[in-house]
Amino acid sequence: MELEAIPGIGAKTAAALRELDDPGTTVESGDVAAIARAPGVNEARAARIARGAIRRRHGDDGRVLATDRAREVYRSAIDLLRERTVTDYAAKRLETFYPSASASRIDEAQSFVEAATERDPDPAVRDALTGVEPLTDPPTVRVRDRCLATADAETLARAESAVPELSVETVEDARDISELARSYATVIVLDEAFAGLDVEGDVHVRPDALETPAETVPERLLAFFAANRERLEAAAAVHEAADLSPAADLGSLRDALARLDDDGTVVGDAELERLTAAVDDLDAAVSTAESVADDRLREAIRERDVTIEGTDFLSLVEQGARVDSLLDRELADEYDEAIARAREQFADALRLEPEEAELAERVFGGDPSFPVEHDESAVSRLRTELSAARDRRAARLKAELASDLGELREPVEELVRDALELDVELAIARFARDFDCVMPDVVEPDAEGEPETAGKGFRIEDGRSPLLDVAFEDAEPIDYAVSGATLLSGVNSGGKTSTLDLVALVVVLAQMGMPVPAASATVERFEEVHYYAKSQGTLDAGAFEATLRDFGDLVEGADGRLVLVDELESITEPGASAKIIAGILEALDEQDATAVFVSHLAREIRDAADFDVAVDGIEAAGLVDGELRVNRSPRKGHLARSTPELIVEKLAGDRDTEFYESLLEKF
Ligand SMILES: Nc1ncnc2c1ncn2[C@@H]1O[C@H](COP(=O)(O)OP(=O)(O)OP(=O)(O)O)[C@@H](O)[C@H]1O
């Protein structure tokens, strides 16, 4: 697969992605964590790459978010979803959802979201998700007691890259191999040509060694599982809490993890522990056994009257303090008894097996002496035997554990991915519940049907915006439907801007495939969303010209566009503004675009327009205690009275003077 063909992937990123095992499939999978395993690719970048791959798959090169304000609304939507995730992974993964103009992409996202909203956002699962993270690759472990050997330069290069844990040595003949066997505990020869080789030492000819890394370097698997222990345990707990069927057998996984220490060694094997302790305690056990024998002898000597013949006494004096012969002759039984005690103590302390105890017997029992002496070469032989037995046992256990873990290696990837994906789904489920959402209908722009219920524009029932500056519970539901170019009039602070925000949010969410905060919603599948926020005051000539040029471009080929504009009149003087807005609306109407222009100049614009401009209005029901009571849902085909008009009307009613009456007539 041509990675560079994916939007947003340049040569450098493509090179990084090629380091992955299966770059094409990984990029296509949308698995942000797997993509982020490529060197130098963080999760945010991985999300962009996944999004690029989705776009390419759906032939979706459109840019629905056409203005800064539209992009801000999308960010707000993403933030609302991300706030409901537990893991960083899910937060990044949600960024692969974007407003698309492609029907197949919206369908695909909707299927995922529909399944997600079925999920129960149980707090126990939320807690369990806390420890889940994408699996990590621990740094390469160097294994020094084993090496690979080959006579072939190509195999050497392959081996070095496939098994960086081991040294790879070049050999020419059996002599070289035999030499290696003296420096390494195990030599694995990769060339078939050496089959049947007979050299001393632990030498294996295994041409398939590079293909079976679990056998060749069990340490790799052990290190991987040791490094990921907590993530795996957390993922297992998530599956149990959420009652998900796990991709890996959780019993086997826990059993294998229990046998693995954090440093990648095997624990929980009594025999290995016995042998390890025996090697470690060997010297201490020798001196303890000696003391036991000495005490025994001392006691025996103390209790005995020894008669020494003159010649013996003489030889004692002549030989210094040596009493060996005396011991041998006079205290032979006691000495034997003391040695027997020493041996027993020694074997018990080290928990030696009978065949090892035989070797241990040689440690004590040379020529009689006091204090008792041990045979250092016998100790050293015993140490060699015990260490070799320990290493053999450890290697066997590692191989067995690695073989069990090998079976789990792929399933655990899925296990963790499923747990992380569950977090994505639960965030969506929580979003849908928190904002009383519904799945919207996203319809073909040219679908048949009533203009305001299908086909063109949008229709929202009981929409409540989570972007309001009031608590969501206090958001008043709004019904609003528009097809074609429309003016939205209304009292100050009536909720016109908030209505545009709601429309933009519903459309953006709908085209992301997400549920929308409404009782029901149908939106046209827009090619582009152009949302212009209110300008901060009058523009100078240059900025005004630039803005006008933007709108000149906007009305070109506007079919399929949603245009939301907030109080464009503030860019210049009211008279000119009304004419300009009327002209823009006219062009958009001809192009079959959907547009909502919020304006306080609705009357003037209507008068300036050459066509019958639709005008909707957010109306105040009246003034109550100086406060406007507003009906937040725009009334169709209705020019709402402005706030000043309402106040004049109130004064005319209250005061009954001619001035207010005549003022009122001017509206
Ligand atoms: N649907 C709603 N439910 C509850 N409160 C709302 C709703 N819509 C708007 N409001 C409240 O009214 C305030 C003013 O809304 P908004 O800014 O949208 O009005 P506006 O008509 O655009 O005002 P202006 O004419 O001054 O630009 C908001 O800050 C919000 O507190």
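**Notes on the annotated site and a helix pair**

1. Threonine 497 counts as partly exposed because it has 16 C-beta neighbours inside 10 Å (buried means 20 or more other C-beta atoms within 10 Å, exposed 12 or fewer, and partly exposed in between, with C-beta atoms placed from the backbone). The model is predicted, so that local features need pLDDT of at least 70 and side-chain atom pairs count only at pLDDT 80 or more, while totals for chains, interfaces and linings use all residues. Residues are numbered from 1 along each chain as its sequence is written.

2. Threonine 497 lies in helix α21 (residues 496-512), helices being DSSP runs of H or I with at least four residues and strands runs of E with at least two, numbered from the N terminus. Not counting residues up to four places away in sequence, threonine 497 touches Lys534, Asp566 and Val598, where contact means C-beta atoms, placed from the backbone, within 7 Å.

3. The unreviewed UniProt entry lists a "binding site" that includes Gly490 and Thr497; such annotations may be inferred rather than shown by experiment, feature names are shortened, and positions follow the numbering used here.

4. Glycine 490 is located in strand β8 (residues 485-490) and is buried, with 29 other C-beta atoms within 10 Å. Leaving aside neighbours within four places in sequence, the contacts of glycine 490 are Lys496, Gly617, Ile618, Glu619 and Ala640.

Technical notes:
Two residues are in contact if their C-beta atoms, placed from the backbone, lie within 7 Å.
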